[in-house]
Amino acid sequence: MSDQSMLKVERLTKTYRTAAGGDLTVLREVSFDLRAGASVAIVGPSGSGKTTLLGLCAGLDRPSSGTVEIAGESIGEMNEDARALVRNAQVGFVFQNFQLIPTLTALENVLVPVELAGDSTREPEARELLGRVGLGARCDHYPVQLSGGEQQRVALARAFMNRPKILFCDEPTGNLDGDTAAAMVELIFGLNREKGTTLVLVTHDLELAKKCGRIIRLKGGVVVSDEVA
Amino acid sequence: MNFILKMAWRDSRASRRRLALFSLSIVLGIAALTGIGSMGENLRRTVELQTKSLLGSDLAVTARKPFDEEAMKYFRGVGGEVATEVAFATQLNFTKGAGERKLVQLVAMSGGFPFYGELVTTPAGALAQLADGQSALLEETLLVQFGVQVGDEVRLGAGTFKVAGALKKIPGDAAVIALFSPRVFISPAAMEATGLLKKDGFARHRVHLKLRPGVDGDALARTMKERFQGARFQFDTVEERKRQLGTTLKDIYSFLSLVGFVALFLGAVGVASAVHVYIKQKVATVAVLRCLGASGRTGFAIYLVQGIGLGVVGSAVGAALGVAVQFVLPVVMKDFLPFEVELFIAWASLAKGAAAGLVICVLFTLLPLLTVRRVSPLVALRSALGETARLDPLTPVVYVAITAAVLGFAILQTGHWQTGLGFTGMMALGFGLLGGLAKLVSWAAKKFVPRKPLTYVVRQGLANLHRPNNRTVLLLLSLGLGTFLMINLVLVRATILDKIMGVGAGARPNLMFFDVQDDQYPQLEKILKDTGTPITVSAPIVTMKIASIRGQPVAELLQDETKVLTRAGAAKEAKGGKGGGLAARFGGGANASQPARDSGRIPSWTLTREYRSSYRGKIDETEKISAGQWIGRAKAGEPRVPVSVEEGLAKDLQLALGDEIVFDVQGVPMRTYVASFRTVEWQRMQPNFFVLFPEGVLEPAPKTFAAAVRAATPADAARAQAAVARELPGISAIDLALILQTFDGIFAKVAFVITFMAGFTVVTGIVVLVGAILTGRFQRIKETVLLRTLGATRRQLTQIQLVEYAVLGVLATVTGGVLAIAGNALLAHYVFKTSVSLPVPALLASMAAAVAVTVITGLLANRGVADHPPLEVLRNET
Ligand SMILES: Nc1ncnc2c1ncn2[C@@H]1O[C@H](COP(=O)(O)OP(=O)(O)OP(=O)(O)O)[C@@H](O)[C@H]1O
Ligand SMILES: [Mg+2]
């Protein structure tokens, strides 16, 4: 679409203070830049810092040093509530562990982002989204009544609901069988194509990674390679 | 806003049953509070009515001469009802036998007296016979003592009267004047006909007023005092009689407020701990909401709405339950209630209780809720705990608000800011102590639990005390505060019942003998022992007059108008109970001379009267030295004898410590000095004295004795009196039962209400304990289930829980018990002004019960977890 930078990460470092008093650096000087409509896969071994990086990019956490800009806005300087607004307006997020609200039905879970923004007219759209992920008949079920894969699909539908400019997915197909996974991937990339949504995927699935225009490899918190697929 | 409400509603759907459980404690707390409020109101009204029967009317005006037309017109103009009474001392002559005589109070009444209470006679209705002008009613003691029967004749002055019956109970007046000479009732016309009523200042004229509802008797008395300044009127009001009932009623109301306070706080503690656990489970939800773009305020508001909803519903249901209790209770317990409960709803106390409950509930919910503001969205990334948040700047604000609310409520409830402050302080102390203890326990469990000699389950149980997400603080606080409040109630109940019974009932003497000569005493002792009513209290009495004060002779003082108030003095003397020339006073306030005291002059009667003094080695438990030093034995050869003077009299006589008083002891001058001032609990029905001498001085002086016994039944009292009258005819007897009945009635009701309210509140406390443990269970449920999944047996799980609950239960209960003992001591000393009662068996029993409730509930609560398949539990317990 445009040349405008959608996500710009510069020299991002995250250090945890351990109980023993020492420092544990899980991300070190990570930098990359992503234009609107681009897609990137972040891969790496377990514990390499993928989820941490995703969290920082989406503004769920504060970096120890470095900056993150979403759509030209530096979220590092914002307070939590301002970042919450940015998330609500621009960002979609699919968690590794789904994170549906256990007390809400599937439909209500999907509706949360728009209702938070004060819009309570979008129920038909939410039902349609659930239908697209194959759960049209399960709208009124609670998360405990859904399987892991079904929960993940609800989470995906929820991430689409606010028509995000940028979508973060942490292992979006981790719990799904081949066919369902393929359908999800189709959905995600369809969004990317139709709406120009920027995609940031964390995955172990190399097939999936190759679908992205770019692959960033992490190891021990450091970018070891950053290549165009 | 719309979203917040929607979300709050939706989010509560799955947990409504649990929310209902949480609210149970607040429901019961508010039910108890409102129930107590209304019950207290009920008691207040009942006692009010009973107290009125102490006087028989709202206001009594007494004078030493007949009221003039102007005064009577004024009385009638007040509105309400008017009754008159004339009484004077005279000789009653028995025509039967040896023609004995007895000094009595002859009373003639007209109008509808008594307006409150009942005048009881045997045979019933004998009062109506007085109208024939030839009948008389005699106090029962006279019939017993002189063997007179209904239908016998007695003579009064020029008239002969037929005995129509016995007076068994007379409302009013009993406490002060008539005590020392029994009463005889005749009609006013008959009194005129006896020709005994001659000169002014001889008879006591009294007008009883029944005021219209809402008219303040005290205020009216003050107005009349102004209006009839020249006349020597005396005023008696119900308020004054109530003061004479001593501090008892005040104590009851203080106790009731304490119970209400405790009930509400038990509820608050229950709700706070439940909400605390609830919110912990909601952290993940809040984190997701944050990820989806909700602000911290939104998350907070969602749960605040739930908290307020909980409070509103809880208060409403609680108030409804409180009302239901009041309706159901009298019906169910009709046979047990010692008094009739009027069915009325005290709306004011109901509204007050519900409002207080709501405010306290919401504030206590706010505290755990604050953490919601600080939940990081990061929590959604890892289900682990977020980084420990810094102190929320609002936390101190909420603490201050809670303290202010607690203080406000305590002051409102007790009506005294000092007491309210004390309550709040004690709660804060308990909170701090238990919180500190919890930290200490966690720390010690981490630091000192050895690995080696302990089995896995014990180690695991102890480790539960410090591991992340532990419930040590929660359970110690809720269990500790719960047991503290409950045990405190049990102890205070004992303390106050002891105090009331001490003053009020049980062992109090109810029959007194006077004018017992020195040499008759051993015989009297024997007679009373044989009749089964042994002497419980006795005192030697020596009559004396004041010769001089600070070297100034009384005769000289009396000339000095600037120092001595003579005119009012005469009226005072009438009231001071000189009827039988007795200085020992029964009932009646030490305040009798207030007007004279206000004028700054000495009332003359205090100088001229005959003092009946006693001597003792130590002071009685009903007395307190308020200044100076009590000296129990006079040193041989000392020129001046140290005496103790009752505070009220000392004020009247304007005495200071060390002042010299010379007494004229039947012709012999006795130099004394004021060594101490003493307060005397006059409402005790036993010999009390204005002036007390030490041992070793008055023994050789001519003296008489007063002795009191406790007769269990009226028949016993009659038997004792008859036996004494037969063998020692000169001794006069006074049956205090007439007065005591009223007192006993009040005290029995009060005791019942106290016990009932304490019981109700303790039940609330148990529910809170159970609730706290049940909610605590949610905190560990995942873990327990995972242990099950990993192969732990039910037995092992039970043992792990047992260790944890036993440690927490014992620690909480012991701390709560210690706090309760301290609280009881403080209350006893500062609020109830009595000695502390420490019923050790009750204390130990309640502590054991608290531990048992903790452990048993803990184990029972866990059974559900252990019995179900792990998967089901993991999926459902959200
Ligand atoms: N709060 C924390 N305190 C200390 N260390 C942490 C904390 N959170 C994460 N880590 C560490 O940071 C490192 C990176 O974690 P992260 O979750 O980003 O890995 P990942 O690449 O997503 O792994 P996986 O593929 O298994 O999901 C890990 O070694 C983890 O132990
Ligand atoms: Mg990860």
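Contact means heavy atoms within 4.5 Å of each other, and that is the sense of the word in the legends that follow. The model shown here is predicted.

**Figure 1. The loop at B:G80 in chain B.** Let us begin with a glycine: B:G80 sits in the loop between α3 and β2 (81-94) of chain B. Setting aside residues up to four places away in sequence, B:G80 touches B:K210 and B:R212. Another residue to look for in this view is B:P213, which is 133 residues from B:G80 in sequence, with 8.9 Å between their C-alpha atoms. Is B:G80 buried, partly exposed or exposed? Its relative accessibility is 44%, so B:G80 counts as partly exposed.

**Figure 2. Helices α3 and α6 of chain B.** This view pairs helix α3 (residues 69-77) of chain B with helix α6 (residues 217-227) of chain B, which pack at an angle of about 155° with their axes 13 Å apart. Because angles over 145 degrees count as roughly antiparallel, α3(B) is roughly antiparallel to α6(B). The crossing, where α3(B) passes α6(B), is right-handed. Which residues make the contact? From α3(B) come B:E70, B:Y74 and B:F75, while α6(B) supplies B:L220, B:T223, B:M224 and B:R227.

**Figure 3. Helices α3 and α5 of chain A.** Here helix α3 (residues 106-116) of chain A packs with helix α5 (residues 148-161) of chain A at an angle of about 25°, and their axes are 8 Å apart. With angles under 35 degrees counting as roughly parallel, α3(A) and α5(A) are therefore roughly parallel to each other. Their crossing is right-handed. On the α3(A) side, look for A:A106, A:N109, A:V110, A:L111, A:P113 and A:V114. These meet A:V154, A:A157, A:R158 and A:M161 in α5(A).

**Figure 4. A:T51 and its contacts in both chains.** A:T51 lies in helix α1 (residues 50-57) of chain A. Leaving aside neighbours within four places in sequence, A:T51 is in contact with A:Q96 and A:D170 of chain A and with B:L381 of chain B. The relative accessible area of A:T51 is 13%, and since buried means under 20%, A:T51 is buried.

**Figure 5. B:F265 and the largest nonpolar core.** The largest nonpolar core has 120 residues, and B:F265 is one of those with the most contacts inside it, along with A:L7, A:L53, A:F168 and A:V200. Helix α8 (residues 248-291) of chain B gives the most to this core, with 25 residues. A second, separate core of 39 residues includes A:V43, A:A126, A:L146 and A:A155. Returning to B:F265, which residues does this phenylalanine touch, not counting those up to four places away in sequence? They are B:I360, B:F364, B:V406, B:F409, B:M427 and B:L485.

**Figure 6. The two chains as a setting for the close-ups.** Chain A has seven helices and ten strands, and 55% of its 229 residues count as buried. Chain B comes to 26 helices and 23 strands, with buried residues making up 56% of its 878 residues. Of the contacts with a separation of 6 or more, residues 24 or more positions apart account for 66% in chain A and for 84% in chain B. The accessible surface is about 9500 Å² for chain A, 49% of it belonging to carbon and sulfur atoms.

Note on methods:
Residues are numbered from 1 along each chain as its sequence is written. Chains are lettered from A and ligands numbered from 1 in the order in which they are written. This is a predicted model: local features need pLDDT of at least 70, side-chain atom pairs count only at pLDDT 80 or more; totals for chains, interfaces and linings use all residues. Side-chain values use heavy atoms; hydrogens and water are left out. A nonpolar core is a set of buried Ala, Val, Leu, Ile, Met, Phe, Trp, Tyr and Cys residues joined through side-chain atoms within 4.5 Å. Buried means under 20% relative accessible area, exposed over 50%, partly exposed in between (1.4 Å probe, protein chains only). Helices (H or I, at least four residues) and strands (E, at least two) are DSSP runs, numbered from the N terminus. Accessible areas come from the Shrake-Rupley method with a 1.4 Å probe; for residues, only the protein chains shown count as cover. Axes are lines fitted to C-alpha atoms, for helices over the stretch in contact, and angles run from 0 to 180 degrees between N-to-C directions. Angles under 35 degrees count as roughly parallel, over 145 as roughly antiparallel, 65 to 115 as roughly perpendicular and the rest as oblique. A crossing is left-handed if the near helix is turned anticlockwise from the far one by less than a right angle, and right-handed if clockwise.
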